[in-house]
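Keep the viewer open and try each task before reading on.

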Amino acid sequence: MPEDAEHRLGETVRMLRQRAGLSIQELAQRTGLSNGMISQLERALASPSIRTLRLLSIALGVPISHFFEPHAPDPSSQYIVRRNDRRLLRLTASGVLKESLTPAQGGALEIYELTLNPGASSGADFVQHVGEKAVYVLAGRIRIWLDHEPHILDAGDSVCFPSIVPHMFDNPEQTIARAIWVTTLHSGAPPREG
């Protein structure tokens, strides 16, 4: 991450934590992250993984897009996101670039275009939370782990699953992969049995 982006992200985490009236220790307990990790994130001494940001977003009650770089929206519509107005989240340490395709005011649906460098990943641990996810691979190859089983998705492949299924993903290839990633924060339907 560029240094200014790391500082902005750290300030955002600190501000949200303080707004929620939580200590670093309380946020650590809610997320399962260490006190040291949260402190380092807030001081821009560590770069988070997608998993870390998801855990923080859940614990702090905000969509993950809240951590994206700010960008002036198209003033002509609150519902439209122009290509050049996408908010970005650069996770240089994990090799992932997330571009928000949904307006900044948010809602229950988040849509991203992900670019994964060779070897990029969501992090070393599985994550699970309430909601649903869908992925459509635009280019390259993505390996998605669902309930500890790997599945290779090639360009044109897609997957949809309840987010309570333990999951993570990576790019196992030596070429860049791109995908559309859709997340709902809440699910009206009970998890599918399988």
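A crossing is called left-handed if the near helix is turned anticlockwise from the far one by less than a right angle, and right-handed if clockwise. The model is predicted, so local features need pLDDT of at least 70, side-chain atom pairs count only at pLDDT 80 or more, and totals for chains, interfaces and linings use all residues. Residues are numbered from 1 along each chain as its sequence is written, and side-chain values use heavy atoms, with hydrogens and water left out.

**Exercise 1.** Describe how helix α2 (residues 24–31) packs on helix α3 (residues 35–42).

*Solution.* 
1. The two axes (lines fitted to C-alpha atoms over the stretch in contact, with angles from 0 to 180 degrees between N-to-C directions) come within 8 Å and cross at roughly 115 degrees.
2. α2 and α3 are therefore roughly perpendicular (65 to 115 degrees).
3. Seen as a crossing, α2 passes α3 in the right-handed sense.
4. On the α2 side, the contact (heavy atoms within 4.5 Å) uses Ile24, Gln25, Leu27, Ala28 and Thr31, while α3 brings Asn35, Ile38, Ser39 and Glu42.

**Exercise 2.** Work out the strand order of the open sheet of three strands.

*Solution.* 
1. The order is β6-β5-β8, with antiparallel pairing (at least two DSSP bridges between two strands).
2. β6 (149–154) and β8 (167–170) are the edge strands, each pairing on one side only.
3. From one strand to the next, the twist averages 25 degrees.
4. β5 (residues 141–146) is joined to β8 by four bridges; leucine 146 has histidine 167 of β8 as its bridge partner.

Technical notes:
Parallel < 35°, antiparallel > 145°, perpendicular 65-115°, else oblique.
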